[in-house]
Amino acid sequence: MKHAYLIIAHNEFEILKCLIRAIDDSRNDIYIHFDRKLNELPTVRTQFAGLYILTERIDVRWGDLSVVEAEYKLFEAACKHGGYDYYHLLSGVDMPLKSQDYIHDFFEKHQGKEFIGYFNGNISKQMHRKVQLYHLFPKYFRESKGFRPLARKMLRAIWLRMQMSLGIKRNQGITFKKGTQWISITHDLATHLLTQKNQVLETYHHTFCSDEVFVQTICWNSDFRDRIYDLHDEGRSCMRAINWQDNRLVEWEEKDFERLMTSEALFARKFGSNHFGIVNNILKTLF
């Protein structure tokens with residue numbers, strides 16, 4: 001089997017280098033999208049895997065459609081280069097928890113399954129607010145200091161309230177689903193996502209956190225729904241260990257090592273330089 005690793009990176013490049021080392025295998029090709037805001041790119045190398053650094057880069061902003069656009073850049077580059085058995089979307093602060101032999105064996109045993117996580121709670125109100133209203137200034141969701149960010153925040157809130165009071169509800173007729181954006185999918189689904197690109201960009205313009213919605217929604221409303229690995233367990237279905245605490249994404253620490261290594265997850269996120277020891281310990285178990 002041949003796998004493509006698609007990585008979205010913008011910081012913590014020592015973690016990224018550890019990730020690349022962990023997946024540097026002749027059965028893999030690695031594609032990296034570096035945020036366009038970076039003036040200087042880190043030097044990254046592989047010994048065995050093919051390595052492709054995207055030259056067309058997106059200015060990625062949290063919560064904005066630009067996240068989806070960066071994902072599409074990666075899928076387009078990988079699908080254009082060749083058909084892979086699986087495409088793994090990772091962030092630059094992720095790590096595999098299993099060896100490449102284990103990972104390739106796992107996907108060979110489950111070939112044809114789509115590893116996409118689905119949130120199982122009631123999301124109707126959340127989807128109405130996030131993708132069925134028009135959001136102003138979506139590139140600036142996380143700006144908080146100064147007059148302009150405050151003014152944008154106030155205008156955004158007023159505009160949302162006006163739409164709710166007027167009963168505005170865009171994108172009706174679509175059954176929306178959500179889950180983590182980090183996925184492992186087949187070539188068939190990757191190419192299907194590419195055929196939906198124009199519709200996706202139209203549907204989700206001026207929405208909020210569409211990166212957690214568009215793949216789940218496309219897959220759910222297609223024949224690929226029957227291929228989803230586990231519809232009842234979001235983490236197991238994407239085979240990723242993600243450390244959510246009180247709705248916050250928390251970095252893994254050294255004390256979490258045994259918990260991670262004894263889990264069935266294939267990948268984990270996220271890691272940081274403040275707890276680099278756990279990354280080193282993971283690398284030691286992989287080689």
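# Helix packing, cores and local backbone features

Helix 1 is largely enclosed by the rest of the structure, because 8 of its 11 residues are buried (buried means under 20% relative accessible area, exposed over 50%, and partly exposed in between, with a 1.4 Å probe and protein chains only). This is a predicted model, in which local features need pLDDT of at least 70 and side-chain atom pairs count only at pLDDT 80 or more, while totals for chains, interfaces and linings use all residues. Residues are numbered from 1 along each chain as its sequence is written, and side-chain values use heavy atoms, with hydrogens and water left out. Helices (H or I, at least four residues) and strands (E, at least two) are DSSP runs, numbered from the N terminus.

**Helix 1 and its surroundings**

- The buried residues of helix 1 are Phe13, Ile15, Leu16, Cys18, Leu19, Ile20, Ala22 and Ile23.
- These buried residues pack against strand 1, strand 2, strand 4, strand 5 (94–96), helix 3 and helix 11, where contact means heavy atoms within 4.5 Å.
- Helix 1 (residues 13–23) packs with helix 11 (residues 276–286) at an angle of about 10°, and their axes are 10 Å apart (axes are lines fitted to C-alpha atoms, for helices over the stretch in contact, and angles run from 0 to 180 degrees between N-to-C directions).
- Helix 1 and helix 11 are therefore roughly parallel to each other (angles under 35 degrees count as roughly parallel, over 145 as roughly antiparallel, 65 to 115 as roughly perpendicular and the rest as oblique).
- On helix 1 the contact is made by Glu14, Ile15, Cys18, Arg21 and Ala22, and on helix 11 by Phe276, Val279, Leu283 and Leu286.
- By class, this contact of helix 1 with helix 11 has 7 nonpolar, no polar and 2 charged residues (Ala, Val, Leu, Ile, Met, Phe, Trp, Tyr, Cys and Pro count as nonpolar, Asp, Glu, Lys and Arg as charged, and the others, Gly among them, as polar).

**Nonpolar cores**

- The largest nonpolar core has 43 residues, and those with the most contacts inside it are Leu16, Met95, Phe271 and Ile282 (a nonpolar core is a set of buried Ala, Val, Leu, Ile, Met, Phe, Trp, Tyr and Cys residues joined through side-chain atoms within 4.5 Å).
- At least two residues of this core come from each of strand 1 (3–9), helix 1, strand 2 (28–34), strand 4 (86–91), helix 3 (100–109), helix 10 (257–261), strand 10 (267–269) and helix 11.
- Helix 1 gives the most to this core, with 8 residues.
- Leaving aside neighbours within four places in sequence, Met95 is in contact with Ile15, Cys18, Leu19, Ala22, Leu266, Phe267, Ala268, Phe271, Val279, Ile282 and Leu283.

**Helix 2 against helix 6**

- Helix 2 (residues 66–81) and helix 6 (residues 187–195) pack at an angle of about 120°, with their axes 10 Å apart.
- That angle makes helix 2 oblique to helix 6.
- The residues in contact are Tyr72, Phe75, Glu76 and Cys79 of helix 2 and His187, Ala190, Thr191, Leu193 and Leu194 of helix 6.
- This contact of helix 2 with helix 6 has, by class, 6 nonpolar, 2 polar and 1 charged residues.

**Individual residues**

- Gln181 is placed in the loop between helix 5 (147–166) and strand 6 (184–186), and at 11% relative accessibility Gln181 counts as buried.
- Not counting residues up to four places away in sequence, Gln181 touches Ile8, Val67, Glu71, Leu89 and Asp211.
- Ile242 is in strand 7 (residues 240–242), and with residues up to four places away in sequence not counted, Ile242 touches Thr180, Trp182, Leu249, Trp252 and Arg269.

**Backbone features**

- The peptide bond from Arg269 to Lys270 is cis, with omega near 0°; Lys270 is in the loop between strand 10 and helix 11.
- Phe137 has a positive phi of about 50° although Phe137 is not a glycine.
- Phe137 is found in the loop between helix 4 (124–131) and helix 5, and is partly exposed, with a relative accessible area of 29%.
- Asn171, also a residue other than glycine, has a positive phi near 55°.
- Asn171 lies in the loop between helix 5 and strand 6 and is buried, with a relative accessible area of 19%.
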